[in-house]
Amino acid sequence: MSNSVDPRPFAIADRLAGVGRIVGVSGSKGGIGKSVVASTMALALADAGSRVGLFDLDFTSPSDHVVLGVERSFPDEQFGIDPHEAHGVQMMSIAFFAGEAAVPLRGAATTNALLELLAITRWGDLDVLILDMPPGLGDTSLDVINLLPRLEFLLVGNGSRVVIESVRRALSLLAELDVPLVGLLENIQRVADGAVASLAAEFDVAYLGPIPFDPGFEAALGDIRLLRETAVYRELARMLAPGLPATK
Amino acid sequence: MHELALADAVMKAAVQAADDAGMARIDKLVVKVGELQQIEKDLFEFSLANVLAGQDPRLREATFDVSLEPVRFECNSCHHGYGRQDVSLDDGDGGEAIHFIPELSHAFARCPKCGSPDFEILAGRGITLERLEGSGPDE
């Protein structure tokens, strides 16, 4: 070998060997509820008996632990690090290490943090590992597409023209890169105008259905009992009752 | 010990590199450990030895040459270059966090000249496999 080698990518397949499906919950705009959907989906699947992991990849603004009400907890170390189990969900988040400190990362640093956690986290046996993606199609999205050949995406959008335009770009890129799609989920639906369903049809992607705007959701953040009573949880649990849909 | 997972990654990388180079036997792995990750040389040598069992048979007789690489930062704001001695990296939870994920230095360390968290880690970040020594199938 002529150049030095970063060994971390070589360990990733082993660390994920016991994981059935890997689903990146993504959307191209911030604020459309990716973290809420990813976290609540993980909870609903775990409640239904699935073995679920939840990996918060929004390193600069992690929030899955806020949604599920999980305190900072340094992971246990053995042959690597173990995810933190909360409410039946195996969780990993940079917030477990950083606490409340801001984590300002440029692109290369984001890639390095991702590689480090993929190389050392022992996910064990899971039916599904949900990746809560940061907004957009930047470094982290491109990295996971390159590093995780089994990756599927589930896109979250809503009927706003701003979001539709942005999700269209994401669908276009994922189709070009041949990344399998679980489907397109309409979140925070205020008007049933069919825009998200039409977009799904345009790209021949499953429309997973609408989750209505739930004015009470904010009060349920971090409280699992209340979270399970929200429209978000109910709709996701209903959609996922037959299991996580297959990709198209 | 999460060092074992990193040592295991080094072994896997070495096997791939040996495959690429057509090596029949791997005699030595030359590994650099970045100062920022705060892993002691002896501990990483122990970790490498510990994960050797069960790896590719070509690694069975391999020895390890582990050295520490000093960390070098450069501030993106004022372009000041600095090293380990110029910043506090091992205070409480911050030090532990950086040990697991060196990029968390951006959360807990600042440029000693201007106070910016926006810096590059030019060298000494983490673990790298620098070189393999071994022999090909005809030796």
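This is a predicted model: local features need pLDDT of at least 70, side-chain atom pairs count only at pLDDT 80 or more; totals for chains, interfaces and linings use all residues.
One cavity of 30 Å³ or more is present in the structure, and the lining of the largest cavity has eight nonpolar residues with no polar or charged ones. Asp143(A) is buried without a salt bridge, and Ala119(A) is buried with a relative accessible area of 0%.

**Cavity**

- The volume of the largest cavity is about 60 Å³.
- Its lining consists of Met41(A), Leu154(A), Leu185(A), Leu208(A), Leu236(A), Met239(A), Leu240(A) and Pro245(A).
- Helix 11 of chain A, residues 231–240, supplies the largest share of this lining, with three residues.
- By class, the eight lining residues are nonpolar.

**Asp143(A)**

- Asp143(A) sits in helix 6 of chain A, which covers residues 139–147.
- For Asp143(A), the nearest side chain of opposite charge is that of Arg8(A), 9.7 Å away.
- Leaving aside residues up to four places away in sequence, Asp143(A) is in contact with Thr111(A) and Leu114(A).

**Ala119(A)**

- Ala119(A) belongs to helix 5 of chain A, residues 107–120.
- Ala119(A) counts as buried because its relative accessible area is 0%, and the cut-off for buried is under 20%.
- Leaving aside residues up to four places away in sequence, Ala119(A) touches Arg8(A), Ala11(A), Ile12(A) and Arg15(A) in chain A, as well as Ala5(B).
- Glu77(A) lies 42 residues from Ala119(A) along the chain, and the C-alpha atoms of the two are separated by 13 Å.

Methods: Residues are numbered from 1 along each chain as its sequence is written. Chains are lettered from A and ligands numbered from 1 in the order in which they are written. Side-chain values use heavy atoms; hydrogens and water are left out. On a 1 Å grid over the protein atoms alone, a cavity is a set of points where a 1.4 Å probe fits but cannot get out, and a pocket is an open set with protein on both sides within 12 Å along at least five of seven lines; lining residues have an atom within 4 Å of a point. Grid points are joined across faces, edges and corners, and a volume is the space filled by probe spheres set on the points. Helices (H or I, at least four residues) and strands (E, at least two) are DSSP runs, numbered from the N terminus. Ala, Val, Leu, Ile, Met, Phe, Trp, Tyr, Cys and Pro count as nonpolar, Asp, Glu, Lys and Arg as charged, and the others, Gly among them, as polar. Buried means under 20% relative accessible area, exposed over 50%, partly exposed in between (1.4 Å probe, protein chains only). Lys and Arg count as positive and Asp and Glu as negative; His and the chain ends are not counted. A salt bridge is a side-chain nitrogen of Lys or Arg within 4 Å of a carboxyl oxygen of Asp or Glu. Contact means heavy atoms within 4.5 Å.
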